[in-house]
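Let's take a walk through this protein together.

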Amino acid sequence: MIKPRHLQQIMVLTEIGTINQAAEALCMTQPSLTNSIKKLEHDLGVVLFERTSKGVKPTLYTEHILKQAPQILQQLDTLHKEIKLLSSGQVGEIHIGTGPVIIHALMKDVIPLFSKQYPDVEVHLYVDNPKNIVEKIENGILDLGILSTEYVDLADDLISVSLFQDPINFIVRSGHPLLEIQHLAFDHLLDYPFALPRISKQKLQWLRTQTHTGHSPRVCLTVNDYDLLIHHVMHSDAITAGPSHLFQSLQRERDVTVLNYQNPAFSWHACAVYKSISIHSIGMKLFLDMIREWFELKNI
């Protein structure tokens, strides 16, 4: 029977190519690794490695095992964590995936506060697009995703909790020529370049189909860093966009100005996505509660 240690041994031996060096990497003796592989070959009734003058070479059977080994080990690791969650109700670390809006605003407030209140919980934060975040939650790589699920299909075992909905504002520097137009329309915006975060393919395709009087949107900068986007807007005629709460402090300081233009087609909806098993983690539950409180304050 193939056991997790066998998968690890096969992966390391294939990568390194020699028994001696692979045994050293696995903290085993050379005879122990040789005997382990030979016993597995006997149990399976196939040859897993061909011996060559330079070391060993994986056979067809080993290549088939290698296609599935990383996923199997990941699933076993996830299962171990889930059993630990159910038995203890807590875990010493949380892996969270999110996008540039959440990183720029919410996480800057929540992370320091959470770390101060719960110093024993280690937080790992990843910035990615919604589709990749959901896949990593399904595979057990991430515990929680804070994202927009507008263009993402969720599996039945995932829970999605609505957190906040906000209209999208278009932002320019103070003194921008667009501020002089009384009845602003989208075709006026097309006279200037857009500086935007990395948005979904569907939104980007929609944006590029919005052609008015021969104009179509021109994107001059795409980056998942709102600090850089805002800096670029403040020093150029470019336009950026994002949920209204993102720019409140900047508006008070009069560094940027919100254009008098809104479109129902542009809105931002934040959701928390996680596996039902993850809520048994006290650390994750506390973190999610803190996120909810942050959004509730934005609703006031």
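Is Cys271 buried or exposed? Cys271 is buried, with a relative accessible area of 4%. Here "buried" means under 20% relative accessible area, "exposed" means over 50%, and "partly exposed" is what lies in between, using a 1.4 Å probe and counting protein chains only. Cys220, at 36% relative accessibility, counts as partly exposed. And disulfides? A disulfide is a covalent bond between the sulfur atoms of two cysteines. With a disulfide taken as a pair of cysteine sulfur atoms within 2.5 Å, a search of the whole structure turns up zero.

Before going on, a word on what you're looking at. This is a predicted model, where local features need pLDDT of at least 70 and side-chain atom pairs count only at pLDDT 80 or more, while totals for chains, interfaces and linings use all residues. Residues are numbered from 1 along each chain as its sequence is written, and side-chain values use heavy atoms, with hydrogens and water left out.

Now step back for the overall picture. The protein has twelve helices and eleven strands; these are DSSP runs numbered from the N terminus, with helices (H or I) of at least four residues and strands (E) of at least two. Buried residues account for 41% of its 300 residues. The accessible surface comes to about 16,800 Å², and 52% of that belongs to carbon and sulfur atoms (areas by the Shrake-Rupley method with a 1.4 Å probe; for residues, only the protein chains shown count as cover). Take the contacts (heavy atoms within 4.5 Å) between residues at least 6 apart in sequence: 73% of them join residues at least 24 apart.

What's inside? In soluble globular proteins, nonpolar side chains tend to be buried together. A nonpolar core here is a set of buried Ala, Val, Leu, Ile, Met, Phe, Trp, Tyr and Cys residues joined through side-chain atoms within 4.5 Å. The largest such core has 53 residues, and Leu144, Phe170, Leu189, Phe287, Ile291 and Phe295 have the most contacts inside it. At least three of its residues come from each of domain 2 (91-165 + 268-298) and domain 3 (166-267), with the bounds taken from an automatic or database domain assignment. Zoom in on Leu189: leaving aside neighbours within four places in sequence, Leu189 touches Phe170, Leu178, Leu184, Phe194, Ile239, Leu259 and Tyr261. There's also a second, separate core of 17 residues, with Ala23, Leu26, Phe49 and Leu73 among them.

On to the charges. Side chains of opposite charge can pair when their charged atoms come close. Counting a salt bridge as a side-chain nitrogen of Lys or Arg within 4 Å of a carboxyl oxygen of Asp or Glu, the structure holds seven. One of them joins Asp237 and Arg173, whose closest N and O atoms are 2.6 Å apart. This pair links distant parts of the chain, 64 residues apart: Asp237 sits in the loop between α10 (226-234) and β9 (240-243), and Arg173 in strand β6 (residues 158-173). Asp237 is partly exposed at 30% relative accessibility, and Arg173 is partly exposed at 22%.

Finally, find helix α12 (residues 282-299), where Asp289 and Lys285 lie four residues apart, about one turn of the helix. Their side chains form a salt bridge at 3.5 Å, N to O. Asp289 also meets Arg292 in a salt bridge, at 3.3 Å.
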